[in-house]
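Grab a pencil and work through these exercises with the structure open beside you. Try each task before you read its solution.

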Amino acid sequence: MSTVSSRELHRSSVNGARIGSQGPLGRLLIRGENGHDIIEEMKPVEGEVVIDKPGRGAFIHTELDLSLRARGIRNLVVCGVTADACVSSTVREASDRGYDVCVLEDGVESVNEELKNWALESVRVEGGLFGVTCDCKNMEDAVKS
């Protein structure tokens, strides 16, 4: 809770449950609580890097950039929620750091379809200023080839 701004505490109260409030799986968005854990189907394999993302973008205040560069990774496939906030922020941060980015169109969601479509279009704008998009099937086919 020490890193949560007063603005973010207020915003979380207005839009639903306040960060740190008690829920059925522990305190909301608090590291170490049951609700903060990774679901069984997504548990990392032995040696897989797990990044604990404290903000909207995955690069800010994390070791993600260092971890990717240490492994020589230059191409990123991004999915998640929400397309117009966390995904968009991460894509822009990645682009600023020189990564080539592909966002999975059917691997992101938002609070409504209009925001999702806007976020995907914002990636593709100006000839792919921030990256490209494709669906999961096309990505799977590309990886297999």
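**Exercise 1.** Does Val 101 count as buried or exposed, and at what relative accessibility?

*Solution.* First, some ground rules: this is a predicted model, where local features need pLDDT of at least 70 and side-chain atom pairs count only at pLDDT 80 or more, while totals for chains, interfaces and linings use all residues. Residues are numbered from 1 along each chain as its sequence is written, and side-chain values use heavy atoms, with hydrogens and water left out.

Step 1: recall the cut-offs: buried is under 20% relative accessible area, exposed is over 50%, and partly exposed is in between (1.4 Å probe, protein chains only).
Step 2: Val 101 has 5% relative accessibility, so it counts as buried.

**Exercise 2.** Find the element that holds Val 101, then list what this residue is in contact with.

*Solution.* Step 1: Val 101 is found in strand β4; strands (E, at least two residues) and helices (H or I, at least four) are DSSP runs, numbered from the N terminus.
Step 2: contact means heavy atoms within 4.5 Å. Leaving aside neighbours within four places in sequence, the contacts of Val 101 include Leu 76, Val 78, Val 91 and Val 132.
Step 3: look at Val 132 again: its C-alpha atom is 6.4 Å from that of Val 101, although the two are 31 residues apart along the chain.

**Exercise 3.** Work out the strand order of the open sheet and say which strands stand at the edges.

*Solution.* Step 1: the three strands come in the order β3-β4-β5, with parallel pairing. Two strands pair if DSSP finds at least two bridges between them, and β3 and β4 are joined by six.
Step 2: β3 and β5 (132–134) are at the edges; each has a single partner strand, so one side of each has no neighbour in the sheet.
Step 3: for a spot check on the pairing, find Gly 80, which stands opposite Val 108 in β4.

**Exercise 4.** How do helices α3 and α4 pack?

*Solution.* Step 1: α3 (residues 83–96) and α4 (residues 113–128) pack at about 10°, with axes 9 Å apart. Axes are lines fitted to C-alpha atoms, for helices over the stretch in contact, and angles run from 0 to 180 degrees between N-to-C directions.
Step 2: angles under 35 degrees count as roughly parallel, and α3 and α4 are therefore roughly parallel to each other.
Step 3: now find the residues that meet, among them Val 91 and Arg 92 in α3, and Trp 118 and Ala 119 in α4.

Technical notes: Angles under 35 degrees count as roughly parallel, over 145 as roughly antiparallel, 65 to 115 as roughly perpendicular and the rest as oblique.
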